[in-house]
Amino acid sequence: MIRENARILRKERLERFLEDLLQDHLVLAPRRKGELLLLDRIESPRDVVLEDGKTKNSAKYALFPQRERIFAYRAEEGKVELHVSPPAEEKQILFGVRPCDARGLLLLDTVFGGDCGDPYYVDKRARTLVVSMACVNPGPSCFCLSLGGGPCSTDGSDLVLLDLGDCYVVEAASVKGRAFLQDRSFEDAGAEALARAGKIRKEAESSMNPAAIGEALEKRLEQPVDDLLWGDLAESCLGCGVCTYLCPTCHCFDICDEAAAATGERIRIWDSCQFPLFTQEASGFNPRPSGKERFRQRIMHKFSYLPRGRNMAGCVGCGRCVAECPVNLDVREVLEKLSQAEAQ
Amino acid sequence: MENPYVPFLMKIEEIITETEDETIKTFVLAFAREEDKERFAYLPGQFAEISVFGKGEAPFGMASTPTLPERLEFSVSKIGVVTGALHNMEKGDTVGVRGPLGNGYCLEAFKGRNLVLIGGGFGFSTLRSLTNYILHERNRKAYGDLTVIYGARKPGLLLYRRDLDAWGQRTDLRLHLTVDQEEDGWQGHVGLVPNVVRSVAPGPENAIAVVCGPPAMMKFTLPVLGDLGFSDENILLSLEKRMKCGIGKCGRCNVGSKYVCSDGPVFSQSELVHL
Amino acid sequence: MTECGTWEPKIVAFLCNWCSYAGADLAGISRIQYPPTIRIIRVPCSGRIDPLFILASLQKGADGVLVSGCHPGECHYLTGNYSARRKFALLKSLLEYVGLEEDRVQFSWVSASEGARFAKVVEKVTARIKALGPAKQLVKDVPGGSFDVAAHS
Amino acid sequence: MSRLTREIREAARTLLRDKQAQVVIGFEEGSLPLRSRPCFIRKAEDVDRLVWNSFSEINLARYLTKRKEKVALVTKGCDSRALVELIKENQVSRDQVIVIGVPCEGMIDRARVEAEVGHKTIVEVKETENRLALKGRAFEKVLDRREFLYERCKTCDHRNPVLYDMLVGQLLEEKGQDAFSDVEAFNALDREKRWAYLTEEAGKCIRCYACRNACPLCYCPECFVDTSQPQWVGKSTGLSDTLVFHLVRAFHLAGRCVACGACEQACPMGVDIRKLNRKLLKDVKALFNYEAGVSLEEANPLATFSADDPEQFMVNP
């Protein structure tokens, strides 16, 4: 992963580097707001907190915000005018996101990109440079390795930084990243630094114990799972939206109007498959009437439908749903139980 | 790039109250711009999202036929927020339209085949579209026998009476209307759609059955078609789910791994048994 | 509007059908003058008032809300206003606590025979709200995009 | 193993073995350090999963409504108060629940512990008596658990369950009455400061409804934020809608909130939800002399009245 083309960014130069970026970019980076560590816009390099692990919100927040206007309208006396805002032009940098979040963008790319793409996402993605910070110290809720990523994965990133203590090894992971590096003067990483980087990476990986989630589970989920098991798995679930809203790959949304007397706007907002209203029809009929069906949908969508349809699981193992679930309903255990459940 | 979430505007040209209880109205919409009309090339079975500004959007199948491209017609049952607001609108008002969305009936594959169209209640709108398409003088020769079986709870709830009367006069279409509750003067069948399908017993040879209606009707019609000898590949269903984006992104209308909006809404029974 | 100094507040008044609404009616019949600031919504009883109605009014741009019912002991439904009074006490205190301008939401008792009192209540409520100026705190910001909303109103 | 854990397991074993209860709802070890989580035990041989520790924070009364089985519930003070309200509101029948009462010495606020170690990754936690031994990848630290309790636990005056069918451990001495000094202090701030604080807190909210769904008393089949005809509250994270959501939710819990803190501990964004509930707790006590979840007989303060209730806030021309 860390290859020949790697460069070095000395820590004492980080502040200057960020200041340069702030000149002509909107920079989003981990920063503290009270006790919360959030990926949010920074005004100064001093706002950035790189050592404290992953942010509460995931990188999707920057490309698929919770609320987005589709258009504003004015409707009077049967006449309607629409006003669609032109896209912003500012370039943005996601600095210091974790490899799991960067990898999550690949899944969002498959959903929002491609034919009939989502103009908001596609436009922002094109304007965004992803500079991720490799994890040297994965936490107990992390399970990126189990899903094909890793604490130092370069998937989805343009540049990846790895902390060597006194400096960062910087590696370009995309064409965009290479072009970015070329424009700036960095020292080449010497053999010694690369060796240290490799060692740190190995240590980070070996500190995790990956459970096998993958083809076996996918195969298993092609066969029906006992409805009673879904009931058991979902028994403690509160049916809130924490797991889906903080997830870097969950992307379900709602479209609704917010209206004043004659004007208003149509907005696109996050929605969650865990909410009863998500599928409830106007007649009151709900194809997923209870928490059990909604829990099943979340798991099946992530670990069966998406792998089948988009060739990538809807999970990158960031562990936010594990750590932030109010009742500590651990998806890793759920998957393990599903893998072991006998076919019907 | 084109923004698939932004509707174009259409004017309500006519509002037709379809049912005696006035809960279903058909809205006839006129294009405001020629380019919208040209872009809106659709097949029977496709749908569009209709916007009432300030209330939101809801999906409706086109009830009109592409053979009359000047107008779009949507039949709307007054159930929720958007449909309620639509019912309060008047001739001359403006709505938004996004579409055509989803996949319609595969007309190419229907060519030369006998067609059995089975509809119930409100679900009949896209079958009306399909029927009128096939009956068009340019198209009729390309298709085999056409049988239409359509049921409602009572005669006053049957949609498109003007079309049904005209179809009844024709010799190139077998029309079977049925109601659950008989009324004076009713000359059609009495009984639930699945039972009528069984008694009419359309032949499965070289035939495709298209079913659209309430879930219960579809559920009980499927085994009847099976008994009559229709294979799963030759049974098409048009599904309905709560939808928002209509382009397979917002995540709510899936049946298993398929989205009703972008993979459907028309599915063959053989596809559905795998979901 | 505000700029010209002729600003008049918009006040949503929830009046109970049996007392305060009749009181307002009497004020009208008796030709008692009071500020034309209120938009009346008739409710069966002050006990029907859900705090949500009050907050929704403020969200939609009301500068103030007045809720008025029968005097204690005179409720058409015997105790509706007593129950309401407890709700109102807690709501008033909560809104104040969170820092909402105190006089935006006000409560009163006006009977069917108190046309003059009704007019005085509206005067007092209006004066207090006028002193505060247009409401901003809970107003839901629904932009009209590039449309200049103010220019049209 | 702590004495309470042992006694809870014994009680559960007996109840399941004698078929007095079909399910025991209690706590088990969580999958992460500093966590315990709800568990549902239906077989006597599984009772050894049950634990009791400083992380048994979730209000398990949340799991009682709409349940058909006969339940034995591991119940601390605040859970029991929620149960009392649920019984009074006819959501749970007293006969359906066997209350395994557990006197509670307060739960640990893990956010405080995490802040104490500078947000370094904690991989292991051991609790013995009042000591909390933390282990990270490159550090070890021992804390006094009493210093890291939730605020609400520090001022809690119902550490013992208010009703129980069996008791594990020993009743604790109750602290004095809550003086609501936090509410007083906040009230003393300028109005603009109070509003600024509340809007900042509401600005963090992501409308995930974890607060509502974790609350044992938020059991409405359809919440006011979810109604569509009329749609009272917008669905987006606009400040106005978010504030109204929190204000009205707090108000719906007036005289019912048992101060268990389920809402704040469920909130992933650290919104100070209890700010509103605390004020209502204080007012309900001061104005109507009522404390929720303490007595099965006393009527809910908003379901009753007194002829001389305060009304000095009314406009009097």
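Helix α3 (residues 80-97) of chain C has 18 residues and spans 26 Å from its first C-alpha to its last, close to the 26 Å expected at 1.5 Å a residue, where the expected span is 1.5 Å times one less than the number of residues. Helices here are DSSP runs (H or I, at least four residues), numbered from the N terminus. This is a predicted model, in which local features need pLDDT of at least 70 and side-chain atom pairs count only at pLDDT 80 or more, while totals for chains, interfaces and linings use all residues. Residues are numbered from 1 along each chain as its sequence is written, and chains are lettered from A and ligands numbered from 1 in the order in which they are written.

Among the buried residues of α3(C) are C:R85, C:F88 and C:L91, a residue being buried if 20 or more other C-beta atoms lie within 10 Å of its own, with C-beta atoms placed from the backbone. After α3(C) comes C:G99, whose phi is positive, near 95 degrees.

The contact between the chains is summarised by chain (residues are in contact if their C-beta atoms, placed from the backbone, lie within 7 Å).

| Chain | Residues in the contact |
|---|---|
| Chain D | 35 residues |
| Chain C | 36 residues |

On the side of chain D that touches chain C, α6 (191-204), α8 and α10 (274-288) each supply at least two residues, and the largest share, 7 residues, comes from α8(D).

Notes
A residue is buried if 20 or more other C-beta atoms lie within 10 Å of its own, exposed if 12 or fewer, and partly exposed in between; C-beta atoms are placed from the backbone. Two residues are in contact if their C-beta atoms, placed from the backbone, lie within 7 Å.
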